[in-house]
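Subject: Structure handover

Hi,

Here is the structure I promised to pass on to you. Please open it alongside this message, and I will walk you through what turned up.

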Amino acid sequence: MRKLKVFQILLVVIFLLFLIFLFLPKNYTKKYSLNNVEITESYDKTRHSYYFTFKYQNVYLDMLFNSKYKNNRKFIEDLKIVSDNNDFCLIPSGKTFQFYPVCYENNSVVHYSLITNLKDLLPSTLYNKPKLLKTYKDIDIYNQNYNYYLWNYDGFYHINSKETKKIDLFEKEEYTINLIGYTKDYLVIADYDSNYTFNNYYTITLKNGKLKKHSLDRSIYFDSYFPGYLKNKLYIVDSKEKTMYELNVKNGDLEKIKAKVLTNNTWKNANINTIIKEKPKFTYNSLFNYSLEENNLYLTYFKKDIPTLISTNVKSIIRIKDSDIFYLKEDDLYHFNPYTGEELLLTYFEWNFNYNNMIFID
């Protein structure tokens, strides 16, 4: 009886280990075909992402989903093709992911929201139709689902789904503010009521617009810049003093540190004079890489080389946050996400003349 119990326990342990192995995330690549389209499906357990490539008429297209590991394979169950001469769209479908069309038009891979020749052959539900919700301080609002902080020379207009209000900040007007930056939870602004140097700064909590003033134990020259942040620590390079600081924006602790730059989430030591001269910005690892080239906006996925054109006539990138990007076209603020396409958010005539460090969004 004792040997039988030991054997039974051993069987249970083996079965449990098998289940753990079966459901444990693992890298894989699987190839299959639907309607003469070659599909490559892969999972990257380090980046928690599914990546799909499509080969049709010797053209490669792709899409990516950030997702937990699933035990299934061959997620694309059906694939339709709409075409006109050399232009085409592939429309995959399946139960697990919300697939969207991938398209090729005018000899380029383009996002479906830019399609013109084949637009009538795609579902109309894919396209966002702008609807004016309200106007506040000459700002036309089409979407209130984000927290907008719009500089108005002595403070901010704060717009979200709950309120529209003015956040008063400075006694004197500032046409351009350079010492302003994001952290994970805050917008951080130097005290522009000071001259030459500042020893106070303000934080605005991004999620609710709460304003708070903080003091520093030393003064920092306005001849400085913010290269970036990590979580809720902001980094400051004082060009005049040739010094780099790490600021804990929650409590105002300011620490002098050795010069370094964050490149794709990895710290690299650097020469302070080189930093002052070149003014590099921190870069962060992302599955979604956006780039602006001659006013055309492109998306490529992590370490992939299939650029997809997502918008044209773009004059400035405002913010990139994970898969979301916010950008200006003339005086229109847009949002893009590969799963939902391009959407008009705000219009403000002032942005025809001044927009640098004027628009902040979360």
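Let me start with the lining of the second largest cavity, which by class has 9 nonpolar residues, no polar ones and no charged ones. Please keep in mind throughout that this is a predicted model.

**The second largest cavity**

The residues around this cavity are Val188, Ile189, Ala190, Phe198, Tyr201, Leu216, Phe226, Ile236 and Leu247. Two elements give two or more residues to that lining, namely strand E15 (186-190) and strand E16 (197-205). E15 gives the most, with 3 residues. The volume of the second largest cavity is about 30 Å³.

**The sheet that holds E15 and E16**

These two strands belong to an open sheet of 4 strands, ordered E14-E15-E16-E17 and paired antiparallel. Strand E14 (180-182) and strand E17 (211-221) are at the edges with a single partner strand each, so one side of each has no neighbour in the sheet. From one strand to the next, the twist averages 20°.

**The largest cavity**

The structure holds 2 cavities of 30 Å³ or more, and the largest of them contains about 100 Å³ of space. Its lining is made up of 13 residues, and those nearest the centre are Asp62, Tyr100, Val102, His111 and Thr308. By class, this lining has 10 nonpolar, 2 polar and 1 charged residues. Which strands each supply at least two residues of it? They are strand E4 (59-66), strand E7 (102-105), strand E8 (108-111) and strand E25 (296-301). E8 gives the most, with 3 residues.

Cysteine 89 stands opposite cysteine 103 in E7. Strand E6 (residues 87-93) is mostly covered, with 6 of its 7 residues buried. E6 also pairs with E5 in the antiparallel sense, over 7 bridges, and the bridge partner of serine 83 in E6 is phenylalanine 88. E5 and E6 form a hairpin with 2 residues between the strands, where asparagine 85 takes a positive phi near 55°.

Is serine 67 buried or exposed? With a relative accessibility of 13%, serine 67 counts as buried, because the cut-off for that class is under 20%. Apart from neighbours within four places in sequence, serine 67 is in contact with Tyr43, His48, Ser49, Tyr50 and Phe97.

**The pockets**

The largest pocket holds about 1600 Å³ of space. It is lined by 43 residues, with Tyr229, Phe282, Tyr284, Arg319 and Ile320 nearest its centre. The lining divides into 21 nonpolar, 14 polar and 8 charged residues. At least two lining residues come from each of E14, strand E18 (224-230), strand E24 (288-293), E27 and strand E31 (359-361).

E27 has a hairpin of its own to show you. Strand E27 (residues 316-321) is joined to strand E28 (residues 324-329) by 5 bridges, and the two run antiparallel. Serine 316 has leucine 328 as its bridge partner in E28. There are 2 residues between E27 and E28, and aspartate 322 in the turn has a positive phi of about 60°.

The second largest pocket has a volume of about 200 Å³. Of the 14 residues that line this pocket, Ser113, Asn128, Tyr334, Glu342 and Glu343 lie nearest its centre. Strand E30 (residues 341-348) gives the most to the lining, with 4 residues. By class, the lining of the second largest pocket has 7 nonpolar, 4 polar and 3 charged residues.

Happy browsing, and do write back with any questions.

Best wishes

Key: Residues are numbered from 1 along each chain as its sequence is written. This is a predicted model: local features need pLDDT of at least 70, side-chain atom pairs count only at pLDDT 80 or more; totals for chains, interfaces and linings use all residues. Side-chain values use heavy atoms; hydrogens and water are left out. On a 1 Å grid over the protein atoms alone, a cavity is a set of points where a 1.4 Å probe fits but cannot get out, and a pocket is an open set with protein on both sides within 12 Å along at least five of seven lines; lining residues have an atom within 4 Å of a point. Grid points are joined across faces, edges and corners, and a volume is the space filled by probe spheres set on the points. Ala, Val, Leu, Ile, Met, Phe, Trp, Tyr, Cys and Pro count as nonpolar, Asp, Glu, Lys and Arg as charged, and the others, Gly among them, as polar. Two strands pair if DSSP finds at least two bridges between them. Axes are lines fitted to C-alpha atoms, for helices over the stretch in contact, and angles run from 0 to 180 degrees between N-to-C directions. Buried means under 20% relative accessible area, exposed over 50%, partly exposed in between (1.4 Å probe, protein chains only). Contact means heavy atoms within 4.5 Å.
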